[in-house]
Amino acid sequence: MSFRAGNTGPHTLAFVESPVQLLNVLEWAHAHAHSVGAGLTLVVLSPNDPMTRGQLRRMAELAREDGHQVRWEEARGGAAAPFQTIGGLTGLLRRADRVVLGDPFSRYVQLLLTITKARNLVVVDDGTATMEFVAQLARGERLVRWHRKGGRPGPRDLVFAPVSSAARKRLTPSEHRSVEIFSSMPMEETPDGVKVTTNTFAWTRDRFGPPRITKGADMVGTSLVETGVVDGDRYLEAVSSLAKTHGATRYFAHRRESAEKLHRLAVETGLEVVRPDLPLELIARRGPIGRTILSFPSTVVHTLPLALSGTEVRVAVCDIDPAWLTENASPRAQGFLSGVTGTARDVHRLSAVTAV
């Protein structure tokens, strides 16, 4: 049984921009239910993408069922929206004793960090980006998403640099401020003074399942094509080969995958494309789910084994062949993706498939 809100600390304010971030705030609140005190206000900085908005609304319902207050902000609803959103949140930010955030790379979140006077900051997982954030913080580097690293800063980056620098300083522990990272990701480097707490997905297992397990295999989609890392044709060839080799029948689409790509994938591979209404950890735990889950390097190779702990489901991850990378891919892409796979626990590792 889940512990209800009301035990998440005095004046705790959480900011999320994705369904996975919201899920991990709920996991954090569950893990801290016994040790901290009074109520959580969860602020959704809503994006414009319809799939993401739909999953966020479903996750917001679960948060309210657990007793949390949810504040939905149309943070990107026009040119004036950011100013209205930040202006409306300033009072809450200045009163908060603890701020929980899901994406320290977000410019929105970095702006909010310059306002808050909270003495306790918590970073929850935003997928594999958390691994890069921790490494950059430990090395004192500027905060740059892994798939962009290596390129020159653009004009907007230069204008925003002072805010990003200030946010990085806020996320560095001091005698006046504590910083916690709540994560299911492996940490090769831990910044001095930062408390790392393991996310075991106890809330997910408590709330859903165990799932009914089918005999076949399911495949998990990735947005590596949409972020410009992997070539679209090579990706579809790899998906087709994996599906034939392992008998996969369903393809769980990433919320950022384009409709055009998914339509082509369904036609060329015969896979049933599923657009989940919740993060995959909850979908898999709720079931039904295949006995084997096939994935490329992504967050789920770390989170699904935890969410499905105690079941017979096997997670298998396929390496990214360097030949699949685009010309515009970051120089760090191959090493980072290999690290995502290599550090995953309780998964079966597949070599890169040969194009069909």
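Figure 1. Among contacts in the protein chain with a separation of 6 or more, 72% are between residues 24 or more positions apart. Please keep in mind, as you look around, that this is a predicted model. The secondary structure of the protein chain comes to 12 helices and 13 strands. Of its 356 residues, 53% count as buried.

**Figure 2. Helix 1 packs against helix 2**. Here you can follow residues 19–31, which make up helix 1, alongside residues 50–65, which make up helix 2. The two helices pack at an angle of about 15 degrees, and their axes are 9 Å apart. Because angles under 35 degrees count as roughly parallel, helix 1 is described as roughly parallel to helix 2. The crossing of helix 1 past helix 2 is left-handed.

**Figure 3. Side by side: the residues where helix 1 meets helix 2**. From helix 1, look for Pro19, Leu22, Leu23 and Leu26. Their partners in helix 2 are Thr52, Gln55, Leu56, Met59, Ala60 and Ala63. Sorted by type, the residues of this contact come to eight nonpolar, two polar and no charged.

**Figure 4. Trp203 and Phe208, an edge-to-face pair**. A pair of aromatic rings is described by the distance of the centres and the angle of the planes. The count of aromatic pairs in this model comes to four. In the pair of Trp203 and Phe208, the rings are 6.4 Å apart centre to centre, with 75 degrees between the planes. Trp203 and Phe208 are both buried.

**Figure 5. Tyr235 and Phe296, a tilted pair**. Now find the rings of Tyr235 and Phe296, at 5.3 Å centre to centre and with 45 degrees between the planes. This pair links distant parts of the chain, as its two residues are 61 residues apart. Tyr235 belongs to helix 8 (residues 232–246), while Phe296 sits in the loop between strand 11 (289–295) and helix 11 (300–307). Both Tyr235 and Phe296 are buried. Together with Trp324, Tyr235 and Phe296 form one aromatic cluster.

**Figure 6. Ser46 in its loop**. Ser46 lies in the loop between strand 2 (40–45) and helix 2. Is Ser46 buried or exposed? Ser46 counts as buried because its relative accessible area is 1%, and the cut-off for buried is under 20%. Leaving aside neighbours within four places in sequence, Ser46 is in contact with Arg53, Trp72, Glu73, Glu74, Ala75 and Arg76.

Key. Residues are numbered from 1 along each chain as its sequence is written. This is a predicted model: local features need pLDDT of at least 70, side-chain atom pairs count only at pLDDT 80 or more; totals for chains, interfaces and linings use all residues. Side-chain values use heavy atoms; hydrogens and water are left out. Axes are lines fitted to C-alpha atoms, for helices over the stretch in contact, and angles run from 0 to 180 degrees between N-to-C directions. Helices (H or I, at least four residues) and strands (E, at least two) are DSSP runs, numbered from the N terminus. Angles under 35 degrees count as roughly parallel, over 145 as roughly antiparallel, 65 to 115 as roughly perpendicular and the rest as oblique. A crossing is left-handed if the near helix is turned anticlockwise from the far one by less than a right angle, and right-handed if clockwise. Contact means heavy atoms within 4.5 Å. Ala, Val, Leu, Ile, Met, Phe, Trp, Tyr, Cys and Pro count as nonpolar, Asp, Glu, Lys and Arg as charged, and the others, Gly among them, as polar. Rings of Phe, Tyr and Trp (its six-membered ring) pair if their centres lie within 6.5 Å; planes under 30 degrees apart count as stacked, over 60 as edge-to-face and the rest as tilted. Buried means under 20% relative accessible area, exposed over 50%, partly exposed in between (1.4 Å probe, protein chains only).
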